[in-house]
Amino acid sequence: EGLTEFPDFTFFGCSSLKNVTIPSTVTRIGWSSFNGCTSLMSITLPDSVTEVTQYAFDDTGWYNSLADGPAYLGKVLYKYKGEAASNSTVTVKDGTELIANGAFAYNDKILKVVMPSTVKTIGDEAFCGNYNLTYVTFGSATESIGDRAFSSCPKLASIIFPQSLKTIGDEAFRLCPVISSVIIPKSL
């Protein structure tokens, strides 16, 4: 208790680590914090976590045991494991509050993403490089869109932000040349 973040590479490669309970004071899980913890099967992630960086739980026993598709850790959509089928629609599970950094990065077969009203935060580079992404619905609770979240999504044409939106990160929609319509809420 009292710890506020797991810095980058905190337990990287600790192959004997089997379970972890993250205290409720933690808000950030750093880059590759548990990557390579191949015996790690049980992860308790509190609601206080507002940022899960890329590769934080890659190559853990938990992640490796999952089937391809969206990988959820509590209220966090950690990552889309594997490659989506061509022209697929991903519907984020109701109750999800955070789309982790890089969760869908470079998964260029995804055409549409539908988010529930519970999603509050879309992490950095969450959808970066989704070259075929044409349509995204934001949940009515979305408050934050991270840096480069939709960068390099050249087919994304229209964006309607929810009234709850407070921040849009740097280069969030960089290299999205066909965007022709943006409605910005007063809350931003």
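Which residue forms a salt bridge with Glu97? Lys120 does, the closest N and O atoms being 3.9 Å apart. The views below are of a predicted model, in which local features need pLDDT of at least 70, side-chain atom pairs count only at pLDDT 80 or more, and totals for chains, interfaces and linings use all residues. Residues are numbered from 1 along each chain as its sequence is written, and side-chain values use heavy atoms, with hydrogens and water left out.

**View 1. The salt bridge of Glu97 and Lys120.** A salt bridge places a side-chain nitrogen of Lys or Arg within 4 Å of a carboxyl oxygen of Asp or Glu. Glu97 lies in the loop between strand E8 (88-91) and E9, and Lys120 in the loop between E10 and strand E11 (121-122), so the pair ties together parts that are 23 residues apart in sequence. Strands (E, at least two residues) are DSSP runs, numbered from the N terminus. Glu97 is partly exposed at a relative accessible area of 23%, and Lys120 is partly exposed at 36%; buried means under 20% relative accessible area, exposed over 50%, and partly exposed in between (1.4 Å probe, protein chains only).

**View 2. The salt bridges of Arg28 with Asp8 and Glu51.** The side chains of Arg28 and Asp8 meet at 3.4 Å, N to O. Because Arg28 lies in strand E3 and Asp8 in the loop between E1 and strand E2 (19-21), this pair ties together parts 20 residues apart in sequence. In the salt bridge of Arg28 with Glu51, the closest N and O atoms are also 3.4 Å apart. Arg28 is partly exposed at 22% relative accessibility, as is Glu51 at 25%.

**View 3. The open sheet of strands E1, E3 and E5.** Its three strands have the order E1-E3-E5, with parallel pairing; two strands pair if DSSP finds at least two bridges between them. Strand E1 (5-6) and strand E5 (51-52) stand at the edges with a single partner strand each, so one side of each is left without a neighbour in the sheet. Two bridges join E1 to strand E3 (residues 28-29), and Glu5 stands opposite Arg28 in E3.

**View 4. The hairpin of E6 and E7.** Strand E6 (residues 69-73) pairs with strand E7 (residues 76-81) in the antiparallel sense over five bridges. Tyr72 stands opposite Leu77 in E7. Two residues separate the strands, and Gly74 in the turn has a positive phi of about 65 degrees.

**View 5. The surroundings of Asn107.** Asn107 is found in the loop between strand E9 (98-99) and strand E10 (110-114) and counts as buried at 5% relative accessibility. A polar atom of its side chain lies 3.4 Å from the backbone oxygen of Gly82.

Notes: Helix = DSSP H or I, 4+ residues; strand = E, 2+ residues; numbered from the N terminus. Polar contact = N/O pair within 3.5 Å; in protein donor to acceptor, adjacent residues only side chain to side chain. Contact = heavy atoms within 4.5 Å. Lists of a residue's contacts leave out its neighbours within four places in sequence.
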